[in-house]
Amino acid sequence: MMLIAIIFIVLTLFLGHLGHHWSRNRNSLVTNWPVLGMLPGLFCNLDRIFDFFTHDILDLCGGTFKFKGPWFPSLDFVLTSNPMNVNYILSKNFLNYEKGSEFREIFKPFGDGIVTSDSDSWKSQRKSLHSIMLKNNKFVNYQDIVFRQVLEKGLIPVLEHIVQQGTEMDLEDVLQRFDYDNICLLALGFDSKALSVSFPEVPSKAAFNDIEDSLMCRYLMPVIIWKLQRWLQIGEEKRLSKAMKIADHFLYDCISSKREKLRSRNRVEEDEFDLLTALLVEQEGEILTVSGKISDKFLRDTAFNFMAAGKDTISACLSWFFWLIATNPSVETKILQEIKANSPTSKDRNMILFFTGEELNQFTYLHAALCETLRLYPPVPINHKNSIQPDVLPSGEHVDGNTRILVSFYSMGRNEEIWGKDCLEFKPERWISENGDILHVPTYKFSAFSAGPRTCLGKDMSFKQMKLVTINVLWNYQVELVEGQPIAPSKSITLHIENGLKVRIKKRDI
Ligand code: HEM
């Protein structure tokens with residue numbers, strides 16, 4: 001009897017506490033529960049997390065929101081899409097907003113690479129990658145060779161095969177395979193041949209995907225839970241360990257064959273100048289030496305980070321692009337007119353159209369359509385930062401030291417204050433000025449490639465490649481959507497189409 005009375009009192013007190021808490025928080029956009037904080041609201045909306053952040057939270061609270069995690073302290077965060085805050089965090093007060101040690105621990109598979117590092121380590125890697133990716137003529141020429149190769153030997157033959165078969169296909173899968181072949185060649189000089197008519201299983205590609213998914217789970221979970229899973233080697237942590245072994249084995253194999261190949265040479269051909277080569281060789285006149293100072297671990301981390309940054313971003317943007325084009329035929333017509341105006345006459349109609357960077361600058365409308373795609377579907381939807389010192393954001397919110405900040409690029413692209421009432425519509429025209437040039441939009445408003453000192457290093461390369469792919473696909477084929485398929489953004493680190501993009505393709509007669 002006594003026990004029942006005690007249980008009754010405890011229950012009444014607990015429910016009273018819940019009721020009091022609920023009535024205090026019912027006007028908050030997300031209910032802040034005792035013990036669990038706002039986590040239940042987050043998990044209930046996990047399937048539409050980016051729209052939840054955008055339309056259910058940020059649109060209603062002026063663009064910045066403090067999310068209370070459960071009593072484990074690590075899941076509190078500040079969410080923002082306010083352009084002044086974004087400018088402040090990514091550029092003006094850059095030194096106070098780093099990736100942080102907690103992020104590095106979660107993303108440990110990235111090693112000491114550029115994506116997760118801070119301070120001097122980040123600075124020196126940024127300098128070295130910047131000079132290779134943007135300034136090293138041999139590497140820049142090699143990019144063109146690779147782009148041409150993956151188009152000529154990968155994408156076009158596979159699309160021709162599908163046309164002949166007359167079957168439906170998942171265009172997102174094709175583009176992801178294309179992206180993977182491209183990034184493996186650029187980083188390692190290795191042709192993974194993921195894009196072939198047999199659509200092979202590529203273990204290293206599957207491993208990179210598993211790593212990305214498992215790390216996303218880690219990021220959303222209290223530290224103690226994923227660490228326990230890691231210790232017990234169960235669930236996502238087991239999957240991660242297995243995938244890491246495959247990815248590392250693959251990378252170290254490529255590194256050792258590269259060292260061996262370079263040792264036996266006294267010159268490097270222009271179609272071999274990949275990232276590993278650029279890091280390893282020192283050439284003075286005709287004398288080529290292979291640097292002995294660079295460790296395999298450094299090469300592994302650099303290649304892993306380069307591949308992770310560039311692996312799925314282009315294909316994510318292109319998948320959304322082809323979906324948007326198929327649902328906006330007037331945009332497709334205008335792009336086709338632009339391709340026709342800039343291409344050889346139909347008499348010498350080639351299947352593969354290749355343009356230099358300068359020639360691609362003529363494709364203003366296509367550039368606008370790609371920017372519009374990146375605005376609505378930024379491949380990197382969220383950017384992580386961690387505050388070092390307490391601070392006050394331009395919007396007035398106080399931020400404690402050591403606090404997670406999530407900048408939602410997805411929400412920024414759908415912000416009415418930046419883009420106007422028609423912000424949810426796909427309108428490439430909004431990017432074109434009255435005299436027909438591309439309008440300059442500051443990076444704190446259009447942040448698909450981030451902003452400030454950590455701006456994407458692959459931006460120019462990506463535009464070039466996305467233009468070459470879209471020109472060649474639209475020039476040669478009509479892409480039709482398979483009716484009735486669900487189209488929704490994924491809830492992953494890179495913003496894919498959740499269930500792929502099923503299409504039928506036919507030869508285009510121009
Ligand atoms: C449409 C394609 C792409 C988009 C939208 C994109 C977007 C971004 C974003 C938002 C960041 C900042 C990430 C962060 O701070 O956590 C970033 C960083 C980076 N991106 Fe890209 N990216 C694209 C393609 C590429 C490609 C193809 C490469 C290389 C092959 C690349 C290399 C990098 C690197 C090395 C960084 C790290 C920069 C740093 O931390 O200093 N990106 N990218």
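This is a predicted model: local features need pLDDT of at least 70, side-chain atom pairs count only at pLDDT 80 or more; totals for chains, interfaces and linings use all residues.
Residues are numbered from 1 along each chain as its sequence is written. Local features need pLDDT of at least 70 and side-chain atom pairs count only at pLDDT 80 or more, while totals for chains, interfaces and linings use all residues; side-chain values use heavy atoms, leaving out hydrogens and water.

View 1. Strands are DSSP runs of E with at least two residues, helices are runs of H or I with at least four, and both are numbered from the N terminus; two strands pair if DSSP finds at least two bridges between them. Strand 3 is joined by 2 bridges to strand 7 (residues 382-387), and the two run antiparallel. Look here for Tyr97, which stands opposite Ser387 in strand 7.

**View 2. Helix 7 (residues 137-165) meets helix 8 (residues 171-188).** Their axes come within 10 Å and cross at roughly 150°; axes are lines fitted to C-alpha atoms, for helices over the stretch in contact, and angles run from 0 to 180 degrees between N-to-C directions. Helix 7 is therefore roughly antiparallel to helix 8 (under 35 degrees counts as roughly parallel, over 145 as roughly antiparallel, 65 to 115 as roughly perpendicular and the rest as oblique). Contact means heavy atoms within 4.5 Å, and among the residues making it are Phe139 and Tyr142 of helix 7 and Val174 and Phe178 of helix 8. By class, the contact has 12 nonpolar, 3 polar and 1 charged residues (Ala, Val, Leu, Ile, Met, Phe, Trp, Tyr, Cys and Pro count as nonpolar, Asp, Glu, Lys and Arg as charged, and the others, Gly among them, as polar).

**View 3. Helix 17 (residues 364-376) crosses helix 20 (residues 459-476).** Here the axes come within 11 Å and the crossing angle is roughly 110°, so helix 17 is roughly perpendicular to helix 20. Leu366, His367, Leu370, Cys371 and Leu374 in helix 17 meet Phe463, Met466, Lys467, Thr470 and Ile471 in helix 20. Sorted by class, this contact has 7 nonpolar, 2 polar and 1 charged residues.

**View 4. Cys456 reaches the iron atom of the ligand.** Its SG atom, at 2.3 Å, is the only protein donor of the iron (donors are N, O and S atoms within 2.8 Å of the metal, or 3.2 Å for Na, K and Ca; water is not among the atoms, so sites may look incomplete). Cys456 is found in the loop between helix 19 (416-419) and helix 20.
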